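Student: Could you walk me through this one? I'm new to it and would like to go feature by feature.

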Amino acid sequence: MLVRERMTRNPVTITPDTSLHDALRIMHQEKVRRLPVLDEKGKLVGIVLEKDLLYASPSPATSLSVYELNYLVSKIRIADLMTSDVITVDEDCPLEEAARIMVDNNIGGLPVMRGDTLVGMITESDLFKIFLELLGARTIGLRVTISVQEGKGVLARLTQNIATRGASIESLGTFWGDDPVHRRIVLKVKGIDRQGMEEVVRDLDAEVLDIREM
């Protein structure tokens, strides 16, 4: 799956001359926490986060009058607050690569580019939704977590044994185990009961770590 398949298209943007007050209003109105900044030619020149704007806002403990506060805030422009060195991804970037970039750089969202043109945003919220799909969180069935020894044909045997019993796999994910030679497989299945699934796992010489209806 690629970024362009799950990104938010035509994201809301602002310009370097946008005021702090207007940027916050747009964020609250559009329910977003980051805004790409485009110049007059439509080129991406920065990004600003909600926390950047909140940190720049005057403290409630200030001794300034409300008029002085409003005057100062009105003078603050996004050009003074935005991050100019923006990390981006191409629209054809695999989703897992985008997730790796976010984790490695401790950021929650990435502008998505088509050449020099901004075409979308991909955020941690988008990745959470994909994670829900991957593990079948919105599907009713038998959720099974097993530990298997790393080796060729393990998944093929697992899926074949489940199919032989007339059951279907709704979702499946593999994860690192407690050591380099084991994997954890988490799957959601339908059409098989707990006893039948335990027999499938025994046939694989694997260990059931968790099994539940949900």
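This is a predicted model: local features need pLDDT of at least 70, side-chain atom pairs count only at pLDDT 80 or more; totals for chains, interfaces and linings use all residues.

Student: Let's start with helices, then. How do α5 and α6 pack, as an angle and a distance?

Tutor: Helix α5, which covers residues 95-105, packs against α6 at an angle of about 130 degrees, and their axes are 11 Å apart. That angle makes α5 oblique to α6, and the crossing of the two helices is left-handed.

Student: Why give both an angle and a distance?

Tutor: Two packed helices are described by the angle between their axes together with the distance between those axes.

Student: Okay, switching to charges. How many salt bridges does the structure hold?

Tutor: The structure holds twelve salt bridges. One of them joins E97 to R100, with the closest N and O atoms 2.6 Å apart.

Student: And how far apart are E97 and R100 along helix α5?

Tutor: E97 and R100 are three residues apart in helix α5, so about one helical turn separates them. E97 is partly exposed, with a relative accessible area of 30%, and R100 is also partly exposed, at 40%.

Student: Which other pairs meet in salt bridges?

Tutor: Among them are D210 and R212, whose side chains meet in a salt bridge at 2.8 Å, N to O. D210 counts as partly exposed because its relative accessibility is 22%, and R212 counts as partly exposed at 41%. Elsewhere, salt bridges that share partners join E97, R100 and D104 into one network. Another pair is R184 and D178, where the closest N and O atoms are 3.4 Å apart.

Student: Are R184 and D178 buried or exposed, or what lies in between?

Tutor: R184 counts as partly exposed at 31% relative accessibility, whereas D178, at 70%, counts as exposed.

Student: New topic: which residues form the nonpolar patch on the surface?

Tutor: The nonpolar surface patch is formed by F131, L134 and F175, which together have about 260 Å² of accessible area. L134 lies in helix α6, which spans residues 124-134, and this residue counts as partly exposed because its relative accessibility is 39%.

Student: What about the backbone? Which residues have a positive phi although they are not glycine?

Tutor: N10 has a positive phi of about 45 degrees although it is not a glycine, and D205, also not a glycine, has a positive phi of about 60 degrees.

Student: Where do N10 and D205 sit?

Tutor: N10 lies in the loop between β1 (8-9) and α2 (20-30), and with 70% relative accessibility it counts as exposed. D205 is in the loop between α8 (194-203) and β10 (207-213), and D205 is exposed too, with a relative accessible area of 72%.

Student: Last one: where is G191 found, and how far in space is it from G166?

Tutor: G191 is found in the loop between β9 (182-190) and α8, and it is exposed, with a relative accessible area of 62%. Although G191 and G166 are 25 residues apart in sequence, they are 6.7 Å apart in space, taken from C-alpha to C-alpha.

How values were computed: Residues are numbered from 1 along each chain as its sequence is written. Side-chain values use heavy atoms; hydrogens and water are left out. Patches are made of residues with over 30% relative accessible area and no salt bridge: like charges are joined within 9 Å, nonpolar side chains (Val, Leu, Ile, Met, Phe, Trp, Tyr) within 5 Å. Accessible areas come from the Shrake-Rupley method with a 1.4 Å probe; for residues, only the protein chains shown count as cover. A salt bridge is a side-chain nitrogen of Lys or Arg within 4 Å of a carboxyl oxygen of Asp or Glu. Helices (H or I, at least four residues) and strands (E, at least two) are DSSP runs, numbered from the N terminus. Buried means under 20% relative accessible area, exposed over 50%, partly exposed in between (1.4 Å probe, protein chains only). Axes are lines fitted to C-alpha atoms, for helices over the stretch in contact, and angles run from 0 to 180 degrees between N-to-C directions. Angles under 35 degrees count as roughly parallel, over 145 as roughly antiparallel, 65 to 115 as roughly perpendicular and the rest as oblique. A crossing is left-handed if the near helix is turned anticlockwise from the far one by less than a right angle, and right-handed if clockwise.
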